[in-house]
Structure formats: C-alpha cells, structure tokens
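User: I would like a close look at a single part of this model, the place where the ligand is held. Please keep the terms plain.

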Amino acid sequence: MRILGIESSCDETSASVVSGTADAPKLESLVILSQDVHRIFGGVVPEIASREHLTAVVPVTRQALADAGCELRDVEAIAVTHAPGLVGALLVGVSYAKALAHALDVPVLGVHHMEGHIFATALEHPTATPPFTALLVSGGHTMLLDVPAWGRYRLLGETRDDAAGEAFDKTAKLLGLPYPGGRHIEALAKTGDPARFRFARPMLHGGQRPGDDDYFDLSFSGLKTAVLHAVRASADLEADKPHIARAFQDAVIETLVAKTLRAARAEGRTRIVLGGGVACNKTLARAMAEAASAIGGEVFAPTPRLATDNAAMIAAAGLFRFEQGQRDGPTLNAHSSRPLPGLIDAGAPAH
Ligand code: KG4
Ligand code: ZN
C-alpha cells in the first residue's frame with residue numbers, strides 16, 4: 001500500500017508518501033514548506049496562509065513523489081487533513097486532494113489533524129504504539145489522551161484557555177523574541193537562573209484528586225499574565241529576560257509532566273508519546289523521560305519535522321483509516337473544528 005498525505009491546516013504546506021501498513025508504516029518521503037511570511041505579522045494571517053498554500057501545494061506534492069521515487073500513478077490512496085484548522089487553508093489541501101483522487105481514480109480520505117499527531121511518533125519509533133498516554137502540545141491544541149488502541153482515544157484533559165504553544169509564543173512576544181517563540185524561549189531559558197523568578201504551576205496543586213475536573217486539565221492564560229506582570233515590574237528587562245524565560249518554561253514543563261504522569265498512572269500505561277510543536281522542546285522531553293523512568297515508563301518524542309505539522313503523520317493516520325474501511329468522496333469538506341474521531345467515553349473500559 002502506498003498513500004500520499006497532504007497537510008495544509010495552518011502555515012505549513014506539506015506532502016508525504018508513506019507505504020506499508022498502519023502497524024508497520026514506512027516513511028518514503030516528507031516535504032514541509034513553512035510559510036515564513038507570517039513572521040512579519042507575529043502570527044498566522046489566515047488569508048495569506050491560504051494563498052501561500054495555493055502556490056505551494058502542487059510543487060510540494062511533486063517533490064514528495066520524486067523523493068519517494070514514485071509517480072502519481074503509483075499512489076493508491078490520498079489522505080488529507082480536513083479538520084481542524086483554518087478553513088481557507090484546509091480547503092486548499094482538501095480541494096487539491098479530491099481533484100487528484102478523482103483524476104487518478106483512487107480513494108480520498110479526510111484525516112483529523114490531531115489524530116495525525118498521535119500517529120507521528122510511531123513513524124520513527126516502531127514501539128511507540130498503543131497502549132500509551134499521549135500528550136499533544138501545539139500552537140493550537142493541548143490534549144492529554146489515553147490511547148488503548150489506534151483509533152480509540154479517551155480525552156482525559158485539555159487546556160481550558162491558551163494552548164501550550166500559544167503560551168510560549170505569547171511569552172516570547174512579551175520578551176521581544178521572534179515568532180514563533182517556543183524555540184527562542186527554550187534557548188534563552190538555558191542561561192536563566194531558576195531561582196530568580198517563580199510562577200505558580202497552573203492548575204496544579206497537591207489537593208487535587210482523581211475524579212476532580214481539574215485533575216488532568218491544563219490552563220496557561222494565568223501564567224501568561226504572570227509573565228506580563230514580571231515584565232512590567234522589571235527594572236532591567238534585558239538582564240531579566242533569560243530568568244523570566246526559565247521561570248515560565250519551568251512552570252509549563254512541571255505542569256505538563258505532572259499531569260501526564262497522573263494520566264499514565266491512572267490508566268496503568270508505561271509508554272508516553274509526545275506530539276505537536278512543543279514536543280520539540282528537549283527540556284520538556286528530558287524532564288518527562290526522567291519522571292517516567294521513576295515509574296518504569298518510557299517516553300517517545302518525535303524529531304522536530306514529525307513533531308510540528310507535517311503530512312507524514314496525516315498519511316500514517318490515513319493508512320490506518322484506510323485499513324478500517326474509511327473512504328470519502330467528492331463531498332469531503334473542510335471544518336475549522338471537529339471532535340477527534342474514535343473518542344471513547346472517559347468512563348469506558350480501557351480495552
Ligand atoms: O504543531 P505545530 O507546528 O503547529 C500547530 O499545530 O500549532 O506547533 C507550533 C508550536 C508553536 O507555538 C511553537 O512556538 C511551538 O510549537 N514550539 C516550541 C518549540 N518549538 C516549537 N515550543 C517550545 N519549545 C520548542 N523548542
Ligand atoms: Zn498541529
């Protein structure tokens with residue numbers, strides 16, 4: 001089986017060829033074109049994103065096919081992100097995928113972007129397979145999931161306000177760092193003194209018990225405000241910047257690690273899979289691995305090209321959905337938000 005994946009939900013135009021089966025996928029090629037233009041505006045401008053996708057989607061797909069050493073006629077199915085994301089941006093990928101599928105007479109499959117993130121890590125870590133606890137942390141989403149099997153997802157917790165990546169980006173902006181700010185915060189935090197500033201761990205305290213509705217949930221907007229106050233109160237912001245970045249990152253990481261470990265323990269999981277752009281943060285991956293080893297667990301973090309938005313994860317999830325019998329047709333549409341497919345009730349049995 002050879003599947004072509006297409007991703008255009010935000011500011012990356014990406015295409016990828018994946019072969020094999022959902023249990024043993026093989027990454028044949030992956031091309032990601034990051035739209036640099038948004039840096040000028042300090043955030044993604046939807047209309048510009050759509051236009052950039054339009055000019056990029058065909059050459060990016062051609063390159064992915066060439067890198068995989070195949071041609072369009074070798075493609076047996078096309079998987080495309082159809083939700084969630086910027087509708088105009090999604091529509092470019094969806095329209096192109098549908099046209100291509102029609103011309104080639106192969107099935108087209110709409111894939112949920114966040115299901116893609118769940119599959120990404122297994123492309124380079126063959127043992128990052130269910131059952132596992134998944135922490136998906138990106139610019140738009142923050143989800144803590146139990147994954148008893150591919151296609152079965154129990155949403156344990158999510159952010160109540162800002163996404164983790166959004167908090168990194170907003171903090172970076174307050175510190176005068178470029179967009180997207182996550183990696184700049186991480187770099188700056190390396191020289192920060194952890195004792196100079198301390199921010200409260202959001203939605204994390206010892207009094208929380210399993211069953212409490214804030215036991216797994218996350219929140220980052222208060223932390224952002226705390227950073228704002230620290231910035232305003234600073235007499236020498238240039239000198240304080242690394243310390244503030246460090247204090248911010250420590251608060252985010254401690255919270256993410258604690259909640260993820262709670263989830264793993266609650267469900268008896270020993271594997272923890274990270275996904276989304278914030279999973280590029282090595283300090284987070286290291287802290288998670290350290291905490292997991294204390295319970296005999298193992299952490300799988302994807303390399304940056306598979307952590308951030310990419311079409312390989314869409315192809316991999318598409319391969320699974322294809323095997324499950326999913327086939328979409330010309331009525332496939334783009335949706336700005338949609339629940340993750342395969343969500344199971346939080347109280348349902350794990351297997
Ligand atoms: O998954 P992604 O590429 O796009 C979305 O679906 O949002 O994630 C982008 C996010 C941005 O907020 C960016 O600042 C963050 O991932 N990010 C990081 C790091 N690298 C990227 N956050 C923290 N540390 C990093 N090293
Ligand atoms: Zn994403």
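User: In which pocket does ligand 1 sit?

Analyst: Ligand 1 sits in the largest pocket. This is a predicted model, in which local features need pLDDT of at least 70 and side-chain atom pairs count only at pLDDT 80 or more, while totals for chains, interfaces and linings use all residues. Residues are numbered from 1 along each chain as its sequence is written, chains are lettered from A and ligands numbered from 1 in the order in which they are written, and side-chain values use heavy atoms, with hydrogens and water left out.

A pocket is found on a 1 Å grid over the protein atoms alone, as an open set of points where a 1.4 Å probe fits, with protein on both sides within 12 Å along at least five of seven lines. A molecule sits in a pocket if more than half of its atoms lie within 2 Å of its grid points.

Around ligand 1 there are 20 residues (each with a heavy atom within 4 Å of the ligand), and the closest are Gly-139, Asp-169, Gly-182, Glu-186 and Gly-277. By class, this shell has four nonpolar, 12 polar and four charged residues; Asp, Glu, Lys and Arg count as charged, and Gly is counted among the polar ones.

The shell draws at least three residues from each of domain 1 (2–118 + 307–323) and domain 2 (130–301), with bounds from an automatic or database domain assignment. The helices α3 (113–120), α4 (164–174) and α5 (182–189) each supply at least two residues of the shell; helices are DSSP runs (H or I, at least four residues) and strands are E runs of at least two, numbered from the N terminus.

Three polar contacts (pairs of N or O atoms within 3.5 Å) can be described, each to an oxygen atom of ligand 1. A backbone N or O atom of Gly-139 lies 2.7 Å away, a side-chain N or O atom of Asp-169 is at 2.6 Å, and a polar backbone atom of Gly-182 is at 3.0 Å. Taken alone, ligand 1 exposes 560 Å², and the protein buries 88% of that (areas by the Shrake-Rupley method with a 1.4 Å probe).

The loop between α4 and α5 contains Pro-180, and the peptide bond joining Tyr-179 and Pro-180 is cis, with omega about -10 degrees. Most peptide bonds are trans.

Methods. A polar contact is a pair of N or O atoms within 3.5 Å; within protein, one must be able to donate a hydrogen and the other to accept it, and residues adjacent in sequence count only if both atoms are side-chain atoms. On a 1 Å grid over the protein atoms alone, a cavity is a set of points where a 1.4 Å probe fits but cannot get out, and a pocket is an open set with protein on both sides within 12 Å along at least five of seven lines; lining residues have an atom within 4 Å of a point.
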